[in-house]
Amino acid sequence: MKYSYYPGCSLGATAREYDLSTHAVCSHLGVELAELEDWSCCGASSAHSTNHVLAGALPARNIALAQEAGHDLVVPCAACYNRLKRTDSLLAEDPRQRRELEELCQFTYTGTVAVRSLLELMDAVGLSRIQEAVVRPLSGLKLAPYYGCLLVRPASVRRGDNPDHPRALDQIMEAAGATVCHWSYKTDCCGGALSIARAGIVKELVDKILDMAVDAGASALVTACPLCVANLEMRRSRRHTLPVLYFTELLAVAMGLEGTRAWFRKHLVDPYPLLRSLGLVG
Amino acid sequence: MYLLTNKGQSRVEAGFLALVREKSGQPIERCYQCKKCTAGCPVAAHVDWQPNQVVRLIQFGQRERVLRSTAAWRCLSCETCGERCPNGIHLSEVMDVLRELSLESGRPGDRLLSQFHQSFINTLKLTGRQHEFGMLFAYKMKTLQLFSDLDIGARMFAKGKLKFMPERIRGMAGINRIFARARRREVKP
């Protein structure tokens, strides 16, 4: 399986370990990811917060590039995925917007290239294929699967999964042998968009999410969003010690892949001691 | 036309509802104040007007109050409200319109947040990609928030998570065209 890969700005910087673990896991599963040639920033929350032209055109430029490359576009960052997917839906469903974006980004939309999140890519790979690749099941690891907001809302960005009780991430982690906790905060927003400018508000939201995960009996959070990881690590009260991991990092551990220790060191809250205490890493 | 409240009278701008409705594409007039949006909003406790109140103020043409409110800028765009609204109103689309209008009015309701988003946009405009280090520097200079988060920044830098140099894409002509259009705002919402 070959896909175009849109890393987005975070995966080259604050979410480096997400990028590295995504490549390691995908290549192990036989998925080829080719970085989208000359991709540009999707504009994230700042584009749609300040200017509606930027909100549509910045993602559309990348959709145009993906169309040229000819493969479905895999987007690991939840924020980039949300913006690209919404723009793709707009291009498919709104003829007036489509004409304007086509003219501005100088392309003709064909709708032949799908925008996929990493969770959707795993869905295409199949749980049984993932399970076959597991050599070191994550036994004893109790995880709170945390989706956040951007992967499940609005309806145009999700496929099939229940908006309040999504299961995709739960199933992947179960396939890797972990125990998944049931909790009610899996799709609550962590406040990432306010993280820099209004840290005080965000700290309350982050602490609430971590409190609830602890209540549910989790020893770590697992997620597929680089903004959630940065925010949940940065904006917590000192009393919290719960690590936050990318699901790809845990898949890599379960698949016995090399190099995980270096990724863990990049976290502000190092998950290594927990995984080591469970005998999951050497 | 004026609206009389216990805080005095305020002018009703008759076209405001129609304007926000048209720009956002959301059926704002359908709201019957069930408050599901506010009940689920993560930041409802941190804004001057709660989500359902913002809708009511728009219905009553309270342009000034709405545009000077902190509500739109602190909205997380998490879509919890839009998912639950029984009348199919996606409030985050409405909040986008309010933020844009408040920037045009020159008096955004939360200056730190409006400066953050503008620093983000101005940084990506230069090279086509986001450069956190440059963006944060620009934001801090503009808002004089010089000493916040220096410890976290230093740790991120030590872990190789903040790049010092920006990456510039080759297709800057396309990015420049998009920004030129954005300045003129020819594309209707």
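This is a predicted model: local features need pLDDT of at least 70, side-chain atom pairs count only at pLDDT 80 or more; totals for chains, interfaces and linings use all residues.
Helix H1 of chain B, residues 16-24, packs on H7(B) at about 115°, and their axes are 9 Å apart. H1(B) and H7(B) are therefore roughly perpendicular to each other. Their crossing is right-handed. On the H1(B) side the residues involved are Val20(B), Lys23(B) and Ser24(B), and they meet Glu93(B), Val94(B) and Val97(B) of H7(B). Sorted by class, this contact has three nonpolar residues, one polar and two charged.

Now a second pair, for comparison. How are H8(B) and H9(B) set against each other? Their angle is about 140° and their axes lie 9 Å apart. H8(B) and H9(B) are therefore oblique to each other, and their crossing is right-handed. H8(B) contributes Leu112(B), Gln115(B), Phe116(B), Ser119(B), Phe120(B), Asn122(B) and Thr123(B) to the contact. From H9(B) come Gly134(B), Met135(B), Ala138(B), Tyr139(B), Lys142(B) and Thr143(B). The classes here are six nonpolar, six polar and one charged.

Let me step back to chain B as a whole. It has 11 helices and two strands. The C-alpha atoms fill a box of roughly 55 × 40 × 30 Å along the principal axes. Of the 189 residues in chain B, 42% are buried. If we take contacts between residues at least 6 apart in sequence, 62% of them join residues at least 24 apart.

The two strands are quickly described. Strand S1 of chain B, residues 2-5, pairs with strand S2 of chain B, residues 8-11, in the antiparallel sense, over four bridges. A hairpin of two residues joins S1(B) to S2(B).

Next, helix H3 of chain B, residues 51-59. This helix is mostly covered, with seven of its nine residues buried. Which residues of H3(B) are buried? They are Pro51(B), Asn52(B), Gln53(B), Val54(B), Val55(B), Leu57(B) and Ile58(B). Those buried residues pack against H1, H2, H4, H5, H6 and H7 of chain B. After H3(B) comes Gly61(B), which has a positive phi, near 65°.

Another glycine sits in a loop. Gly88(B) is found between H6 and H7 of chain B. Is Gly88(B) buried or exposed? It has 9 C-beta neighbours inside 10 Å, and so counts as exposed. Its C-alpha atom is separated by 8.7 Å from that of Arg30(B), although Gly88(B) and Arg30(B) are 58 residues apart along the chain.

On to chain A, where I will keep to the sheet. Four strands of chain A form an open sheet in the order S2-S1-S3-S4, with parallel pairing. S2(A), residues 32-35, and S4(A), residues 115-117, stand at the edges; each has a single partner strand, so one side of each has no neighbour in the sheet. Ignoring direction, neighbouring strands are turned by 40° against each other on average. Within the sheet, S1(A), residues 2-5, and S3(A), residues 73-75, pair in the parallel sense over two bridges. The bridge partner of Tyr5(A) in S3(A) is Val74(A). Helix H4 of chain A, residues 78-93, lies across S3 and S4 of chain A and runs at about 150° to S4(A).

Last, the contact between the two chains. How many residues does each chain give? Chain B gives 49 residues and chain A gives 41. On the chain B side, the elements that give two or more residues are H6, H7, H8, H9, H10 and H11 of chain B. The largest share, eight residues, comes from H8(B). By class, the chain B side divides into 21 nonpolar, 12 polar and 16 charged residues.

H7(B), which packs on H1(B), is among the elements that touch chain A. H8(B) and H9(B), the oblique pair, are also among them. That is all I have.

Note on methods:
Residues are numbered from 1 along each chain as its sequence is written. Chains are lettered from A and ligands numbered from 1 in the order in which they are written. Two residues are in contact if their C-beta atoms, placed from the backbone, lie within 7 Å. Ala, Val, Leu, Ile, Met, Phe, Trp, Tyr, Cys and Pro count as nonpolar, Asp, Glu, Lys and Arg as charged, and the others, Gly among them, as polar. A residue is buried if 20 or more other C-beta atoms lie within 10 Å of its own, exposed if 12 or fewer, and partly exposed in between; C-beta atoms are placed from the backbone. Axes are lines fitted to C-alpha atoms, for helices over the stretch in contact, and angles run from 0 to 180 degrees between N-to-C directions. Angles under 35 degrees count as roughly parallel, over 145 as roughly antiparallel, 65 to 115 as roughly perpendicular and the rest as oblique. A crossing is left-handed if the near helix is turned anticlockwise from the far one by less than a right angle, and right-handed if clockwise. Two strands pair if DSSP finds at least two bridges between them.
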